[in-house]
2 protein chains.
Amino acid sequence: MQATDIQWSKAEKEIARAAFERAYEREIQALVKEVRERAHRVGEVDDLWTLHDFLSARRHALEGKYDYRYSVLIFVFAQLVQEGWLELHELEGLATDKLTKVSALTRMGCHF
Amino acid sequence: MQATDIQWSKAEKEIARAAFERAYEREIQALVKEVRERAHRVGEVDDLWTLHDFLSARRHALEGKYDYRYSVLIFVFAQLVQEGWLELHELEGLATDKLTKVSALTRMGCHF
């Protein structure tokens, strides 16, 4: 077990997992909605490949972003809060130092 | 100029270009329709990536298939006729030897 792992209690891990999955589900549902709208507007070949490029980019970004390693989870949560997929209060129950870090990173407007 | 080029007269090139573009437009419009239907059915993340994989495969296949080099055009036309994107009579005006080749390749049920 890595040093970073033991800083997360069982209760914190449950809160983190639930928040992580909630944010993922929200972002996916928003993407589903956008893809349907974009597909509806597709009229010619360039639109098709633009939709394809869009899906390629989103897939790549999502696979990189939703990284559930405890060593990076604070940064993941800060990004999700910054982007609006998660609200800070949904992380309540995590240790204060973690919440402070997420909050500080979010306020700093980091570009992840 | 390659030997294969001089076998196509100016009139034949015009017929070939028009047929090629007609088939392409038909296939693209069918694909647009299918993508819209598939996008409408997308409900969760796996459906999104299935749509993405589908678009990747179709894009790759189309880029390979619509090859307007005179050295391969007989084979391209045979494939398009076989797949239903073009009808033989739309190639009328090409020299008889070309039409015979396209027709023979189509009847042979070649896998291109």
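Across the interface of chain A and chain B, the rule finds two salt bridges. Keep in mind that this is a predicted model. One of those bridges joins the side chains of Arg59(A) and Asp53(B), with 2.9 Å from N to O. Polar contacts were counted as well, and between chain A and chain B there are ten residue pairs in polar contact, with both residues at pLDDT 80 or more.

Which helices of chain A supply the side that touches chain B? Helix H1, residues 10-41, and helix H2, residues 45-65, each supply at least two residues of that side. H2(A) gives the most, with eleven residues. Sorted by type, the residues on this side of chain A divide into 13 nonpolar, five polar and five charged.

Now the extent of the interface. In terms of contacts, 23 residues of chain A meet 23 residues of chain B. The size of an interface is often given as the accessible area lost when the parts come together. Here the two chains bury about 2000 Å² between them, and 68% of that is on carbon and sulfur atoms. Which residues of chain A lose the most area to chain B? They are Trp49(A), His52(A) and Arg59(A), and together they make up 32% of what that side buries. Arg59(A) has come up already, as the chain A partner in the salt bridge with Asp53(B).

Next, the pockets. Rolling a probe the size of a water molecule over the atoms shows where empty space is left. The largest pocket holds about 180 Å³ of space. Twelve residues line it, and Gln7(A), Trp8(A), Tyr70(A), Ile74(A) and Lys101(A) are the ones nearest its centre. Two helices of chain A, H3 (73-83) and H4 (96-107), each supply at least two residues of the lining. What kinds of residue make up the lining of the largest pocket? Six are nonpolar, three are polar and three are charged.

The second largest pocket has a volume of about 150 Å³. Its lining also has twelve residues, and those nearest the centre are Gln7(B), Trp8(B), Tyr70(B), Ile74(B) and Lys101(B). In chain B, helix H3 (73-83) and helix H4 (96-107) each supply at least two residues of this lining. By type, the lining of the second largest pocket divides into six nonpolar, three polar and three charged residues.

Note on methods: Residues numbered from 1 in each chain as written. Chains lettered and ligands numbered in written order. Predicted model: local features only at pLDDT ≥ 70, side-chain atom pairs only at ≥ 80, totals over all residues. Heavy atoms only, no water. 1 Å grid on protein atoms, 1.4 Å probe; cavity = no way out; pocket = protein on both sides within 12 Å on 5 of 7 lines; lining within 4 Å. Points joined across faces, edges and corners; volume = space filled by probe spheres on them. Helix = DSSP H or I, 4+ residues; strand = E, 2+ residues; numbered from the N terminus. Nonpolar A, V, L, I, M, F, W, Y, C, P; charged D, E, K, R; others polar. Contact = heavy atoms within 4.5 Å. Buried area = accessible area lost by both parts, 1.4 Å probe. Salt bridge = Lys/Arg side-chain N within 4 Å of Asp/Glu carboxyl O. Polar contact = N/O pair within 3.5 Å; in protein donor to acceptor, adjacent residues only side chain to side chain.
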